[in-house]
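Open the structure in your viewer and keep the selection tool at hand. The stops below are meant to be taken in order.

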Amino acid sequence: MSTISDSHDKVHHARVVSAGDVYAIARHYRFQWEEAQQCYVLLFPEGMIKLNGGAGEVIKRVDGRRSVADIVADVRAAFPDVADIESDVIAMLDLAVEKAWLEKRA
């Protein structure tokens with residue numbers, strides 16, 4: 001089992017996603033709330049990736065219809081007191097794309 005923790009959130013990656021991009025959860029993953037873990041997870045045939053609160057808040061908004069800009073705006077509205085939240089959201093989406101948890105739709 002992998003865990004995406006706060007330390008991973010702050011790692012700076014080359015930017016992969018753009019504001020107009022639309023992503024969906026990759027076909028071989030299932031995103032869900034895991035009661036036993038008290039967190040969101042990505043399930044796949046070989047195991048589970050445990051997402052921290054921030055990562056779960058971003059990934060739960062990825063639905064194959066909303067753009068990256070829409071997701072950023074929604075997270076910003078939900079957490080208005082978090083400074084520089086856009087870069088955190090983009091970093092999480094970049095990581096998820098790099099790890100192939102997300103597939104680009106548009």
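Start by selecting Arg 66 and Asp 63, whose side chains meet in a salt bridge (3.3 Å, N to O). A salt bridge here is a side-chain nitrogen of Lys or Arg within 4 Å of a carboxyl oxygen of Asp or Glu. Arg 66 is partly exposed at 27% relative accessibility, and Asp 63 is partly exposed at 25%. The cut-offs are under 20% relative accessible area for buried, over 50% for exposed, and partly exposed in between (1.4 Å probe, protein chains only).

A note on the source: this is a predicted model, in which local features need pLDDT of at least 70 and side-chain atom pairs count only at pLDDT 80 or more, while totals for chains, interfaces and linings use all residues. Residues are numbered from 1 along each chain as its sequence is written, and side-chain values use heavy atoms, with hydrogens and water left out.

Asp 74 is partly exposed, with a relative accessible area of 29%. Now widen the selection to Glu 57, Lys 60, Arg 61, Asp 63, Arg 65, Arg 66 and Asp 74, which are linked in a network of salt bridges. The whole structure has 10 salt bridges.

Next, select helix α3, residues 68-78. Helices (H or I, at least four residues) and strands (E, at least two) are DSSP runs, numbered from the N terminus. Which residues of α3 are buried? They are Val 68, Ile 71, Val 72 and Val 75. These residues lie on the same side of α3, because they cover an arc of only 100° around the axis, taken from the directions from the helix axis to the C-beta atoms. Show β2 (23-25), α2 (53-59) and α4 (85-98), which are included in what covers them.

Move to the strands and select β3 (residues 30-34) with β4, an antiparallel pair over five bridges. Strands pair if DSSP finds at least two bridges between them. Arg 30 stands opposite Leu 43 in β4. Four residues lie between β3 and β4 in their hairpin, and Gln 38 in the turn has a positive phi of about 55°.

Val 41 has Lys 50 in β5 as its bridge partner. The hairpin from β4 to β5 passes through two residues.

Finally, select the whole chain: four helices and six strands.

Note on methods: Contact = heavy atoms within 4.5 Å.
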